[in-house]
Amino acid sequence: MKDLFAQGNETGEKSLDQRILELFREKKGGVVSGEELSSALGVSRTAVWKHIKTLKAIGYRFTAIPAQGYRLVSSPDILVPAEISSGLVTRRIGRRFICFRETESTNMVAFRMAEEGAEEGTVVVAEAQHLGKGRLGRRWESPPGVNLYCSLILRPPILPTQAAQLTFLSAVAVTRAITEMTLLQPVIKWPNDVLVGGGKVAGLLNEMSAETEKVNFIVLGIGININMRRDQFPNDLRHPATSLALETGREVSRLEFTRALLTALDDSYDAYLTNGYDTIREEWLSRFSMNGREVRVTFQNNSQAGMVMGIDDDGALLLRLHDGRVERVLAGDVTIL
Ligand code: BT5
């Protein structure tokens, strides 16, 4: 039986739980009778009652009004298609949601789906990941129920060399959503970190399938520490880490954050397709914390020190070396000296 998680509307088919919730939402807090529910859904009243019991078990609160029916009193902060898509108005992002209680890695799932032809705008979300991926084989800590782990499938008509532009686009959308939801002012660390108060609050992992002249698809992977507590971070992280709750001192609704993020991604992707990369680049640079700083960039066994001079059109970091030459750095980890 389909439940609220498990692939949600993967096949376009809504779960019974999702349809029950929609009927309650249409009533905007009003009472819905068992009779109404069973006739609208074409199932027995016992079946309706069983589903209400399952919904209660995952955190929905109903009150039973004798001889009248049920009222939906409150909904849990869980990332399921029925909740994320409620009130979400986007052009491309979120045409389809696949949500998991737990999965290996949303990027791995999205990549496989994209290979099998999943459409642009498909979003994969998980409450927890047991193989959350960072870059270069690193691990992304993904405890259940506190953060957002999501991956989007995009099929932009661009060249493979332009793919890094989408990493910048996702960083810009993440900073916008954070400011909208918390008023915090995050900064971006090249190439893919978003920091608040010096701690890493979000990481991006974009993966691509391409031919020489054509991108088949890009998977934008985004991990954001929303309500993660201090004791949930391991001690051996490479850099200081934080969460939105630690920075603001209050819990942040993961559902509202997810909707804000998907809206920001949709807006910036639309602007990118319509007007090109320039506006994204400008906004990215306005959040970029490293311009003019002396840094060391390490990639595999190589390391170079110099002054950051911005980024170029392909997303390469421009580094002025001590002999005056400006080097384009395409990948690596940056430490501020
Ligand atoms: C990243 O890698 O920052 C990319 C992280 C992308 C995660 C998302 S979650 C949804 C999607 N599905 C996936 O499987 N992945 C994406 P990198 O720059 O390599 O940073 C990884 C390093 O950050 C680790 O080696 C740790 O030191 C540190 N780290 C791990 N988990 C963290 C967390 N939750 N918060 C902050 N830092 C963390």
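Helix H5 (106–115) and strands S6 (148–154), S9 (199–211) and S10 (214–224) each put at least two residues into the shell around the ligand. S9 gives the most, with four residues. Helices here are DSSP runs of H or I with at least four residues, strands are E runs of at least two, and both are numbered from the N terminus.

A word on the source: this is a predicted model, where local features need pLDDT of at least 70 and side-chain atom pairs pLDDT 80 or more, while totals for chains, interfaces and linings use all residues. Residues count from 1 along each chain as its sequence is written, and side-chain values use heavy atoms, without hydrogens and water.

Back to the shell: its residues split into nine nonpolar, twelve polar (Gly counts here) and eight charged (Asp, Glu, Lys and Arg). For polar contacts, meaning N or O pairs within 3.5 Å, look at Lys200, with a polar side-chain atom 2.7 Å from a ligand oxygen. Arg138 has a side-chain N or O atom 2.8 Å from an oxygen of the ligand, and Asn225 has one 2.8 Å from a ligand nitrogen. The protein covers 96% of the 790 Å² of accessible area that the ligand has on its own (Shrake-Rupley, 1.4 Å probe).

Now for H2 (34–41), where Gly34, Leu37, Ser38 and Leu41 are buried, that is, under 20% relative accessible area with a 1.4 Å probe, protein chains only. They sit on the same side of H2 because they cover an arc of only 90° around the axis, taken from the directions from the axis to the C-beta atoms. After H2 comes Gly42, with a positive phi near 70°.

How values were computed
Buried means under 20% relative accessible area, exposed over 50%, partly exposed in between (1.4 Å probe, protein chains only). A polar contact is a pair of N or O atoms within 3.5 Å; within protein, one must be able to donate a hydrogen and the other to accept it, and residues adjacent in sequence count only if both atoms are side-chain atoms.
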